[in-house]
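Here's a quick briefing to read with the model open beside you.

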Amino acid sequence: MAEKASESSNSISLNTVDGKIFKVSPTIANQMQTIQSLIKAYDSSRVISLPHVNAFHLSKIIEYLEGKSATTVSAVKEFEAQFMKDLSLKQLKGLLIAVGYLKVNELLELMPKTVAKLIENKSVEFLRKFFGIVNDFTPSEEAKIREEIAWAFDGVDED
Amino acid sequence: MESTSMQNLPEQLISEILLRLPVKLLVSLKCVCKSWFSLISNTEFAKLHFDLTAPHNHKHLVSVSVYDHGTKLRIHYIDLEGSLEDRYVNFLSPFSSSPLSTNTNIHIYDVCRGFILLGHSLNYTRTPLNFIVWNPLNGIHKMFPYYSILSQQCSFRCRFEYVASRDDYFLIIAWIQNLQGGLLGVKYFEFLSMKTFSCLQVDAMRLPYTKHQNWRQTDFSFVDGAIHWLATSDNGHSVRSIIAFDFIESNVSEIPLPQDDFVNDPCVNSLRLEVIGECLCLLNGPKEQPSFAEIWMLKEYKVKSSWTKYNYVPAYVIPQCSFTPIYFIKGGEIVGLNQKSILVKLNEKGEQIYCYDDHFFWEHDFHIYTESLISLPSGYMQA
């Protein structure tokens with residue numbers, strides 16, 4: 001009991017935008033660079049507010065940081081694959097923004113890679129829709145670019 | 001799927017995603033919008049993309065030909081990592097201002113980090129009228145007016161190499177001459193910086209060891225900012241070693257060979273020095289029948305204890321053992337030329353698993369290419 005108390009006194013409290021308090025160990029907290037620098041700047045006993053992160057996203061990040069400490073390389077790979085598979089696209093986007101804000105390096109590697117896999121071999125039109133981008137080229141500007149890089153459009157899905 | 005799922009993603013995160021896309025898709029995404037166009041064309045982005053993706057990219061053997069009335073150059077790719085399948089891609093010709101005639105003999109001299117060093121000449125002579133450095137994927141290119149002097153009656157070997165410590169590319173030319181006894185040898189080296197266009201000339205005959213070297217005189221291997229060749233010193237008893245000339249620091253050093261009687265026997269003249277997968281390698285013929293031919297690979301540059309021996313072809317498979325290795329694949333597979341000059345891939349037991357029998361190859365035709373979007377260094381005027 002006493003041991004547990006000293007452990008929790010070491011732990012860091014994080015308050016998400018939707019008002020949930022998470023207690024995490026320093027090992028977990030330090031893997032989020034943004035929090036690491038906040039701990040250095042403030043008294044660590046304080047509750048750290050995260051105005052850009054909600055409880056779902058923080059719980060997912062903690063789940064990842066705890067889960068990827070598996071013993072073998074293949075177990076980590078399996079865990080990462082399952083972790084990414086469980087997320088819907090909407091969740092993926094929200095989590096990616098949270099990960100970018102908190103600077104969780106390993107997820108900043110894994111998540112863009114996952115999105116990149118999703119859009120491999122997709123067309124320009126698909127990706128404009130996917131990222132909600134407005135084409136600001138005039139038709140003739142775009143035609144000129146397409147002509148210069150015609151080779152890059154061989155064998156691309158047009159859906 | 002929800003089509004609007006990734007809307008309004010911060011630019012930094014979009015960049016992180018794009019950095020992990022294959023290079024061909026990335027090029028096609030230049031026409032998504034203006035901000036993507038400039039991101040994908042950005043020099044720093046291209047370097048990061050290369051560092052992140054190049055280790056996993058498939059390496060290809062490439063060759064080039066004039067296509068579509070000279071307005072395009074066609075690159076022929078053979079995938080070394082896969083089953084040696086090939087494909088053709090037609091790029092806008094960097095010679096667009098003066099289209100090449102279809103009987104122009106265009107030739108790849110070297111490749112480096114997505115760049116191709118091309119030379120072209122008429123009448124099927126091998127002396128180029130012009131050198132051009134070209135990255136087909138972003139169209140960036142530069143002609144070397146300087147080397148119009150190549151028309152002089154002198155043969156040469158040339159390389160295009162990247163020196164990380166300077167973040168610069170160099171055109172390296174070895175000018176060949178006849179030495180005493182009818183041998184060919186390097187007369188002098190030229191190192192032309194792409195950043196400053198300054199040219200360093202080095203009298204090869206004044207470098208130590210060069211005059212003792214007695215086979216494959218004209219060949220040199222480039223790795224880690226230095227050129228290398230095999231040499232034998234004759235200070236009483238012949239000692240064989242690899243000589244490294246670092247032209248940036250202007251120093252010459254010696255790399256000891258592995259502890260192996262055969263490699264160190266100066267009477268053995270089948271030994272060759274090559275660079276395979278960015279490591280210096282010694283290639284050995286078979287010692288006796290039946291036996292294996294060997295490759296010694298210096299896994300860590302200048303660390304003698306990192307010499308590692310691979311047996312690559314059982315001699316009974318190829319009796320004369322004229323197998324020429326070209327490229328190693330992790331897991332023990334090897335690509336090379338068999339005795340009929342046909343490209344084959346062997347497994348770790350030396351058994352042929354794939355072959356590319358469309359045409360024959362010459363030894364100097366091998367350019368192992370990795371695609372990139374890299375530009376030439378800053379301070380560098382484009383054509």
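This is a predicted model: local features need pLDDT of at least 70, side-chain atom pairs count only at pLDDT 80 or more; totals for chains, interfaces and linings use all residues.

A residue counts as buried under 20% relative accessible area, as exposed over 50%, and as partly exposed in between. Searching the whole structure turns up 13 salt bridges over all chains, and a few of them are picked out below.

**Salt bridges in chain A**

- A:Arg146 and A:Glu125 meet through their side chains in a salt bridge, at 3.0 Å from N to O.
- That pair ties together distant parts of the chain, with A:Arg146 in helix 9 (residues 139–148) and A:Glu125 in helix 8 (residues 124–131) of chain A, 21 residues apart.
- A:Arg146 is partly exposed, at 25% relative accessibility.
- A:Glu106 and A:Lys68 form a salt bridge as well, at 3.0 Å from N to O.
- Here the partners sit 38 residues apart: A:Glu106 belongs to helix 7 (residues 105–119) of chain A, while A:Lys68 lies in the loop between helix 4 (55–67) and helix 5 (73–85) of chain A.
- A:Glu106 has a relative accessible area of 36%, so it's partly exposed, whereas A:Lys68 has 18% and is buried.

- B:Glu333 and B:Lys345 make a side-chain salt bridge at 3.6 Å, N to O.
- B:Glu333 counts as partly exposed at 24% relative accessibility, but B:Lys345 is buried at 1%.
- Back in chain A, salt bridges with shared partners connect A:Glu125, A:Arg128, A:Glu142 and A:Arg146 into one network.

**An open sheet in chain B**

- Four strands of chain B build an open sheet with antiparallel pairing, in the order 3-2-1-24.
- Strand 3 (86–92) and strand 24 (368–369) of chain B each have a single partner strand, so one side of each has no neighbour in the sheet.
- Strand 1 (residues 60–67) of chain B runs antiparallel to strand 24 of chain B, and two bridges join them.
- B:His60 has B:Tyr369 of strand 24 of chain B as its bridge partner.

**A negative patch**

- B:Glu85, B:Asp86, B:Asp357 and B:Asp358 come together as a patch of negative charge on the surface.
- B:Asp86 is part of strand 3 of chain B, and its 31% relative accessibility makes it partly exposed.

Notes:
Residues are numbered from 1 along each chain as its sequence is written. Chains are lettered from A and ligands numbered from 1 in the order in which they are written. Side-chain values use heavy atoms; hydrogens and water are left out. Two strands pair if DSSP finds at least two bridges between them. Patches are made of residues with over 30% relative accessible area and no salt bridge: like charges are joined within 9 Å, nonpolar side chains (Val, Leu, Ile, Met, Phe, Trp, Tyr) within 5 Å. Accessible areas come from the Shrake-Rupley method with a 1.4 Å probe; for residues, only the protein chains shown count as cover. A salt bridge is a side-chain nitrogen of Lys or Arg within 4 Å of a carboxyl oxygen of Asp or Glu. Lys and Arg count as positive and Asp and Glu as negative; His and the chain ends are not counted. The place of a charge is taken as NZ of Lys, CZ of Arg, CG of Asp or CD of Glu. Buried means under 20% relative accessible area, exposed over 50%, partly exposed in between (1.4 Å probe, protein chains only).
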